[in-house]
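Student: I would like a close look at the place where the two chains meet. Please take me through it in one connected account.

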Amino acid sequence: MQPTTEQRLWMYRHMVLSRYLEERIESLYMEGKTPVFNMAKGPIPGEMHLSNGQEPCAVGVCAHLDPEDIVTATHRPHHIAVAKGVDLDAMVAEIFGKATGLAGGRGGHMHLFDAKVNFSCSGIIGEGLGPAVGAALSRKLQGKPGVAVAFMGEGAANQGAFHEALNLAAVWQLPVVFVIEDNAWGISVAKQASTAVPRNDRRAAAYDMPGVHVADNDVEAIFSAAGEAIARVREGQGPTLIEIETARLAGHFMGDGEDYRPKGEKEGLKQRDPIPRYRKQLLDAGLLDDASDDTLVEGAHARVEAAIRFAQDSEFLPPEAALEAVFV
Amino acid sequence: MTTTTSAGTRKLTIARAMAEATAQEMRNDPRVFVMGEDIGPLGGVFGNTRGLYDEFGPERVRDTPISETAFIGAAVGAASDGMRPIVELMFVDFFGVCMDAIYNLMAKNTYFSGGKVKVPMVLMTSTGGGYSDAGQHSQCLYGTFAHLPGMKVVAPSNAYDAKGLMTAAIHDDNPVVFMYHKSLQGMGWLGTEKGATVPVPEESYTLEIGKAAVVREGHDVTLVSLAAGVHHCLRAAQALEDEGFSAEVVDLRSLVPLDRETLRASVAKTGRLIVVDEDYHSFGVSGEIIASVVEHDHACLKAAPRRVAYPDIPIPFAPTMEQWALPNADKIVDAFHQMMLS
């Protein structure tokens with residue numbers, strides 16, 4: 001399955017948008033945190049898990065999704081939220097904890113919910129799988145269109161929730177696709193030190209579903225694999241497991257010294273940064289030139305800056321609003 | 001939504017009342033469906049889904065694999081997508097394998113969405129011991145669930161309340177944990193508290209979640225409990241009446257929200273408080289009930305409050321040990337005697 005020109009440019013634009021958003025978050029996050037790094041300080045306190053390097057997974061999958069389709073994402077959610085079409089202003093405001101945020105500041109960057117595009121994420125490894133299976137069941141029972149995609153890191157494949165959810169989805173033949181973003185590290189523990197199989201797509205065999213492996217963080221290979229899997233679930237042919245080799249260009253969270261990485265690994269990953277690679281691919285194919293690239297990048301930057309201004313200009317809810325929204 | 005307090009003469013067990021409420025809601029609302037272990041053709045290990053599979057079929061009455069994390073998580077996903085699932089955690093003791101789906105997803109998604117995502121689901125689960133099922137199949141854990149914010153918690157003592165609370169739980173746009181006590185279910189093999197099987201109207205009705213009931217009026221002492229404990233209190237009240245004392249019995253019915261007003265009004269009247277709880281003694285329901293009264297008005301008490309609760313030990317198997325540890329009417333009467341002596 002090959003993307004159209006329009007899909008190629010959509011994927012590139014959303015990778016650029018996500019990357020620039022994270023670059024801006026990275027610099028704003030560090031405000032107030034130097035010279036002494038204190039996670040509670042600055043305009044964006046708390047943990048911050050950047051997804052730069054993993055953008056191909058988000059755009060290659062979400063290029064096939066409509067707003068009605070359900071996505072559950074992880075503690076590292078920004079690239080997927082951007083690709084799924086989450087309201088960028090409200091998302092950034094939530095990351096800042098502001099009243100105009102998706103949850104008025106009750107959730108923060110690991111708990112982004114945008115019901116308009118059926119997006120949610122959570123901070124616990126493997127937690128989104130059950131809800132994705134249930135949303136898929138909901139669509140089946142209601143006879144309504146829409147499929148579910150559960151994103152997870154490779155570490156989640158060692159959680160019980162992973163195995164329970166895959167089995168349940170397979171037993172009930174539900175329209176759900178499981179997407180593993182394999183960035184090779186569970187915080188500081190390497191995949192080969194934690195996982196009995198070299199490739200998690202092989203685990204699909206245990207649940208009698210197709211298992212697909214995508215190498216080298218390749219945007220169009222991801223697009224193709226996801227497109228085929230999503231087409232199958234739309235036709236009612238049951239779930240698929242996809243594992244994508246991707247790259248975490250940053251630490252597990254900001255402040256991570258990354259001393260556990262082998263020497264030279266990070267530099268190597270940066271040389272294989274998927275965004276310049278895809279830009280070159282599009283330039284070589286004649287789908288992009290320097291001028292149109294500049295326009296696209298400037299547009300993405302302007303959109304991000306507008307969202308950041310919106311967040312910065314927004315107020316905080318009064319603290320006692322913390323007592324609201326426990327129940328509806 | 002119809003509400004009625006009229007009770008006919010047809011008696012039902014709690015199990016039958018739960019199944020009837022569920023069936024009536026499933027007829028009215030195609031969004032309601034049931035999932036859990038052995039809730040299909042078997043009708044639930046404790047009888048509370050009996051008849052549903054035959055009437056509604058396997059799509060809406062779904063036997064699940066033994067995968068509580070997956071199917072409770074799935075219920076959260078389905079509820080967030082517009083369905084109204086009812087899921088069963090067969091024994092509350094099993095919460096250990098799936099608590100993440102319960103307290104990190106079910107109970108928090110509404111908050112994390114600023115109230116925009118509703119999670120209208122019922123998690124029904126069996127509680128209680130007394131039949132030598134040992135320490136992983138006999139707990140109540142009321143306090144564990146009530147402690148964690150974001151989920152309502154109900155625990156009926158009789159079939160009339162069970163039907164009304166079940167219907168209200170299904171209607172509720174929030175997650176509701178429906179804790180039913182095995183000794184009240186009307187399953188012969190568990191032994192059955194006769195007082196739980198009461199007249200239940202055939203028509204649908206709701207009981208407001210968060211309202212306690214004064215099930216016996218009195219003026220010398222307030223006995224507060226829930227579920228099976230209410231029946232111990234009623235027997236104790238009868239014994240005390242034979243001694244010339246008048247005990248008021250408050251059936252909490254709901255832990256979240258907790259009806260502190262009814263509690264405080266009763267203790268303000270009687271001046272004495274004994275809390276009866278089959279859950280563990282420390283850090284639980286009994287402490288919360290006493291605090292709710294005392295922090296509001298300590299001067300209303302004529303004596304220090306007392307509690308008759310399960311000791312802080314795992315539940316033992318041997319009947320001699322388990323029965324020794326469980327609350328009962330004699331212990332409540334003893335607590336009252338000590339209160340009057342001190």
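Tutor: **The interface between chain B and chain A**

Between chain B and chain A about 3,000 Å² is buried, with carbon and sulfur atoms giving 66% of that area; buried area here is the accessible area, for a 1.4 Å probe, that two parts lose on being put together, summed over both. On the chain B side, B:Asp81, B:Tyr111 and B:Phe112 lose the most area to chain A, and together they make up 24% of what that side buries. The contact draws 37 residues from chain B and 34 residues from chain A, where contact means heavy atoms within 4.5 Å.

This is a predicted model, in which local features need pLDDT of at least 70 and side-chain atom pairs count only at pLDDT 80 or more, while totals for chains, interfaces and linings use all residues. Residues are numbered from 1 along each chain as its sequence is written, chains are lettered from A and ligands numbered from 1 in the order in which they are written, and side-chain values use heavy atoms, with hydrogens and water left out.

One helix pair spans the two chains. The axes of helix H5 (residues 129-142) of chain A and helix H3 (residues 68-80) of chain B come within 6 Å and cross at roughly 55°; helices are DSSP runs of H or I with at least four residues, numbered from the N terminus, and their axes are lines fitted to C-alpha atoms over the stretch in contact, with angles from 0 to 180 degrees between N-to-C directions. The crossing of H5(A) and H3(B) is right-handed, meaning that the near helix is turned clockwise from the far one by less than a right angle.

H5(A) makes this contact through A:Gly130, A:Pro131, A:Val133, A:Gly134, A:Ala135 and A:Ser138, and H3(B) through B:Ala70, B:Gly73, B:Ala74, B:Gly77 and B:Ala78. By class, the contact of H5(A) with H3(B) has six nonpolar, five polar and no charged residues, with Ala, Val, Leu, Ile, Met, Phe, Trp, Tyr, Cys and Pro counted as nonpolar, Asp, Glu, Lys and Arg as charged, and the others, Gly among them, as polar.

About 2,100 Å² is buried between domain 1 of chain B and domain 2 of chain B, and carbon and sulfur atoms give 56% of it.
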